[in-house]
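Okay, thanks for making time, everyone. Let me put the structure up and then walk you through a few parts of it.

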Amino acid sequence: MAGLVIGVSILGAAIGALGMSGATATGRFQTGVTEVGKPNVVFILTDDVGYGDISANGAIRVKTPNIDRIAKDGIRFTNAYAPAATCTPSRYALMTGEYAFRKPGTGVLPGDAAMIIDPARVSLPRIFNAAGYATAAIGKWHLGLGNATSPLDWNKHITPGANELGFDETYLIPATVDRVPTVWVKNGDVVGHEPSDPIQVDYKQRIGNWPTGRENRELLKQKHSHGHDMTIVNGIGRIGWMTGGKKALWVDEDIADTIIRETTSFISNNKRKPFFLYVGTHDIHVPRVPHKRFAGKSGMGPRGDAILQLDAQVGGILNALDKNGLADNTIVVFTSDNGPVVDDGYQDQAVTLLGDHKPAGPLRGGKYSLFEGGTRVPFLVRWPAGQRSAKGKTRPDLISLVDMPATLDRITGGRHQKDLPSDGLDVSDAIRGAGPSKREFIVEHAGRLALRWKNWKFIPAGKGVAFQPLTGTETGNLDADQLYDLDVDPHEDRNIADVNPTVVTRMKEMLARIRAGNQP
Ligand code: NG6
Ligand code: CA
């Protein structure tokens with residue numbers, strides 16, 4: 001594969017020397033449409049999609065033909081991990097290349113939290129700025145907005161935000177769809193905001209007089225099962241209270257179409273320069289209220305319908321790449337921010353209609369869990385120009401989303417390798433299908449840390465409940481050390497810590513070194 005890429009570069013240089021196209025500021029050569037060595041990157045980060053939720057990874061009852069296309073024409077990874085078992089810490093690590101456990105205040109954020117990434121640091125979009133890319137973030141954000149020094153005012157231009165991190169264009173769900181305010185923020189301004197109807201948000205006490213799920217359960221079109229009983233917007237109780245901004249409120253059923261519209265228009269507007277498009281889908285997080293095109297179509301209730309809607313969004317993006325002639329030199333990544341959850345707070349029939357569908361596939365646990373289901377996620381990468389002989393292959397390499405900054409920096413020129421934290425590794429060889437990832441261990445973070453090292457999985461003894469009382473997820477907590485051999489026991493059923501004390505000691509030491517900021 002490396003040979004192929006070098007071959008293309010030499011060809012590019014030869015064309016450049018012949019004067020058919022000019023060298024750019026970075027010394028690279030133009031071949032007409034995109035710059036050689038500068039693939040577009042479309043990074044699709046889905047929400048709460050489990051390893052087993054897509055048919056490419058074995059789901060049978062729900063079909064995801066568009067998502068599966070990425071695997072069919074690219075590489076399907078079977079040992080790829082989100083850095084944490086919930087959204088904010090996982091996304092923090094993806095953006096920065098640094099584990100979230102190193103930075104206090106990176107747990108699941110309320111909707112009015114300040115941005116937790118320092119705009120001065122090199123995060124994912126900066127890598128692409130330096131390489132001359134157009135950049136956009138569309139969809140779910142959940143990394144905070146604004147400054148910690150003053151409370152967030154939704155009626156003014158919000159800064160710093162994703163634009164200040166280096167995204168040229170942003171169109172964002174500020175936190176989650178189950179958290180207020182339920183509005184889109186475009187380049188720092190609430191879409192549809194009217195000064196005469198100011199938006200107010202509070203996470204400590206009720207604000208305004210809009211009905212709440214707690215007091216007006218009869219107004220709900222989808223009732224909560226736990227939490228989510230504060231302000232009602234569009235018939236759905238949310239986390240937090242809000243009032244105002246009536247014209248700005250999103251319609252849950254249309255969120256997926258908004259994401260398709262914004263992503264496809266960014267792609268066609270930027271087809272002549274290299275671009276980095278970060279897409280955070282709302283699906284399949286709660287509340288699951290899909291458009292009527294998908295409602296009732298999966299036979300599994302709204303959770304299954306949301307998977308179909310997710311697949312359609314991926315299809316929209318892939319079609320836009322095809323239509324603009326960009327598929328060949330575009331890296332498309334499809335992955336998830338954490339493992340699956342069935343009941344995450346709304347009575348949406350997900351539990352009763354689950355049947356034999358296994359959201360985490362063969363893995364134990366899910367979102368919020370230290371077991372593999374908490375963080376091992378789908379990871380599909382398609383890059384026709386960069387991974388030609390790897391088409392349709394499955395790879396077992398260990399990969400973590402914390403590796404994305406170093407990896408994408410390498411692929412786009414390697415300008416920032418020295419600026420990035422050592423937590424993330426360059427796994428570009430594996431992404432290209434050219435060689436192993438060189439990663440031997442994975443940190444799994446669900447409140448506390450567990451470690452995978454080759455085939456071994458170690459969960460240190462810890463206090464805490466074995467089941468998350470609200471969602472029913474197995475947390476992985478136990479009073480004793482746990483060690484599993486994932487080669488023979490992928491479901492983590494047989495704790496063999498007692499009979500492998502040397503492995504346990506070694507992995508404890510590795511975790512201690514990682515915590516201290518060193519390589520294990
Ligand atoms: C929890 C919410 C859950 C979900 C999660 C964040 C309750 C009872 N539960 O606190 O519904 O919003 O936070 O999910 O409020 S994440 O994928 O963004 O991390
Ligand atoms: Ca999530």
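Predicted model: local features only at pLDDT ≥ 70, side-chain atom pairs only at ≥ 80, totals over all residues.

**A walk through the strands, cores and calcium site**

Let's start with a pairing: strand E15 and strand E16 (residues 448-453) run antiparallel, joined over 6 bridges.

Residues are numbered from 1 along each chain as its sequence is written, chains are lettered from A and ligands numbered from 1 in the order in which they are written, and side-chain values use heavy atoms, with hydrogens and water left out.

Back to the sheet. It is open, with 4 strands in the order E15-E16-E17-E18 and antiparallel pairing. At the edges sit E15 (441-446) and E18 (482-485), each pairing on one side only. Ignoring direction, neighbouring strands here are turned by 20° against each other on average. Helix H11 (residues 501-515) lies across E15, E16, E17 (456-459) and E18, at about 120° to E16. Those angles run from 0 to 180 degrees between N-to-C directions, with axes as lines fitted to C-alpha atoms, for helices over the stretch in contact. Contact means heavy atoms within 4.5 Å.

Now, how many residues of strand E12 are buried? It's 7 of the 7 in residues 330-336, so E12 is largely enclosed by the rest of the structure. Buried is under 20% relative accessible area, exposed over 50%, and partly exposed in between (1.4 Å probe, protein chains only). Thr330, Val332, Phe334 and Ser336 point one way from E12, while Ile331, Val333 and Thr335 point the other. On the pairing side, E12 has a parallel partner in strand E1 (residues 40-46), over 7 bridges, with Thr46 opposite Ser336. Then 4 bridges join E12 to strand E13 (residues 379-382) in the antiparallel sense, and there Thr335 faces Phe379.

Phe379 turns up again in the largest nonpolar core, which has 68 residues: Phe43, Trp141, Tyr278 and Phe379 touch the most other members. A core here is a set of buried Ala, Val, Leu, Ile, Met, Phe, Trp, Tyr and Cys residues joined through side-chain atoms within 4.5 Å. Beyond its neighbours within four places in sequence, Phe43 contacts residues including Val333, Thr335, Met404 and Leu408. A separate core has 40 residues, among them Ile173, Val177, Ile284 and Met300.

Last stop, the metal. What coordinates the calcium ion (ligand 2)? The donors come from Asp47 (OD), Asp48 (OD), Asp337 (OD), Asp337 (OD) and Asn338 (OD1), at 2.2 to 2.7 Å. Donors are N, O and S atoms within 2.8 Å of the metal (3.2 Å for Na, K and Ca), and water is not among the atoms, so sites may look incomplete. The spacing of the donor residues in sequence is D-D-x288-D-N. Both Asp337 and Asn338 are buried.

Technical notes: Pairing = 2+ DSSP bridges. Helix = DSSP H or I, 4+ residues; strand = E, 2+ residues; numbered from the N terminus.
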